[in-house]
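Thank you for making the time this morning.

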Amino acid sequence: MQSVHVVIIGGGYGGIRAMENLAKKDQITITLIDQNPYHYTQAEVYDFIANKVDMSNVMIDLPSLCNSFRHVTFVCEEVNGINPETQSISTATRQIPYDQLIIATGSRTYFPPFIQGLREYTHGVKSVPSALDFKQKFERSLLNRIEAQSQGCEVKPFNIVIGGAGLSGVEIAAEMAAYANHFYKNGNFGCRGVDVYLIDAYESILFGMDPFLIQSSHERLVQLGVHVWHNNRISEVRENQILLDNNKTLDFEFMIFTGGITASTLTQFLGFETNPKGHLIVDHYLNIPNHPNIYAIGDITNAVDEEGKFIPPTAQLAERGAEHAVRNIFRSLQGKEKQPFRFKNQGVMIALGGEYGAGLLPGGIKIKGYLAYLIKKAIFYFYSSPLRRRSTIGKRR
């Protein structure tokens, strides 16, 4: 195999998996570019905002991780553009040439512009700063509330609103409710507790997913005291109040919006074709059309299955896409024909607050309760532990 330089933009789930697989070949040199010096394990964010883990548990040092591989260079900068004609990437300080390119910059929260006040008055958790900001403000508000009650002051309802009942919304609602219940029980605080509201426009949570997951998750949310409001569309968000299209209103202390995602801002500057939400259009090889040496994977793409249906963006999709892109890079360098991408779901695990979960394993095996929680934790352990070990090796070099 000839010597080749592969550039990966994005140090998320897809970018990391691509780097690991590419690094197995000595003939390949790799440059990983990310604007942050850490890999954010976003799938575990609910544990972080609910105080079950600290910030170090959702971050892995990228410079050390890259340094653990012999032929990997890390660049901590934001990409400003890609020039397919010169096969180069521009940042604020340099031009980086590539032979093969993988774009894996992920997604950000989509705030529908027709919902007035949504972006201004809600929190997101798709980045470490936003998750940390919410966590700190939430805990400060709890403290202020306890102090006010002890001084005889009347305390208003403390409502947390989660907008959107997909996977992220359900997991966050469950974990926040479990955390709030534990907080008041553990501290024996006498003031009124926290109420969590999960609001969604569809007729059920986890719309379109397996009925077992929907039922198990709904039962657990009800057990935790979460108020689940179906068929409610948000029409406006004010500083501490949400307005719904059925004229209902709800005061809140905090609101987290998980109702949708859009591609990272990078796609706006590339000149490649995108869908209305900015996701890059890719062909069945995961290539940008007419650019056979440029791949796009994960949340940044409009990945579809064999029936043309949109594949929900998950860490699993990003990792499978990364593995497939790397295989096609190897095949093209060997003069072999590329293979089309076929995504096969390996199962779904949902964290549902405390030590409880629900999931579908390969073969259609259904599980819920403590066992599902343990399996989900094991999956994360077997993902993160090898990366942390490699990061330790890289730090010593």
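Let me begin with K137, which is partly exposed, since its relative accessible area is 42%; here buried means under 20% relative accessible area, exposed means over 50%, and partly exposed lies in between, with a 1.4 Å probe and protein chains only. K137 forms a salt bridge with D133, and the closest N and O atoms of the two are 3.5 Å apart, where a salt bridge is a side-chain nitrogen of Lys or Arg within 4 Å of a carboxyl oxygen of Asp or Glu. Because K137 and D133 are 4 residues apart in helix α5 (residues 128–150), about one helical turn separates them. D133 also counts as partly exposed, at 31% relative accessibility. Elsewhere, salt bridges that share partners tie R17, E20, E319, R320 and E323 into one network, and by this rule the count comes to 16 salt bridges.

Before I go further, please keep in mind that this is a predicted model, in which local features need pLDDT of at least 70 and side-chain atom pairs count only at pLDDT 80 or more, while totals for chains, interfaces and linings use all residues. Residues are numbered from 1 along each chain as its sequence is written, and side-chain values use heavy atoms, with hydrogens and water left out. As for pLDDT, which is the predictor's confidence in each residue, from 0 to 100, the protein averages 89, and 96% of the residues score at least 70.

Which parts of the chain does the salt bridge between D47 and K377 link? The two side chains meet at 2.3 Å, N to O, and the pair links distant parts of the chain, with D47 in helix α2 (residues 45–49) and K377 in helix α9 (residues 370–396), 330 residues apart. D47 is buried, with a relative accessible area of 3%, whereas K377 is partly exposed, at 23%. Another pair of this kind is E175 and K52, whose side chains meet in a salt bridge at 3.6 Å, N to O. E175 is buried, with a relative accessible area of 3%, and K52 is partly exposed, at 34%.

Now to the strands. Two strands pair if DSSP finds at least two bridges between them, and β9 pairs with strand β1 (residues 4–9) in the parallel sense over 4 bridges, with V7 standing opposite L101. Strand β20 (residues 291–296) also runs parallel to β9, joined by 3 bridges, and there Y295 is the bridge partner of I102.

Finally, the cores. A nonpolar core is a set of buried Ala, Val, Leu, Ile, Met, Phe, Trp, Tyr and Cys residues joined through side-chain atoms within 4.5 Å. The largest has 57 residues, and those that touch the most other members are I8, M19, L22, I89, L101, I102 and I103. Helix α8 (residues 315–333) gives the most to this core, with 8 residues. Apart from it lies another core, of 46 residues, including A50, F138, A178 and L198.

Terms used: Helices (H or I, at least four residues) and strands (E, at least two) are DSSP runs, numbered from the N terminus.
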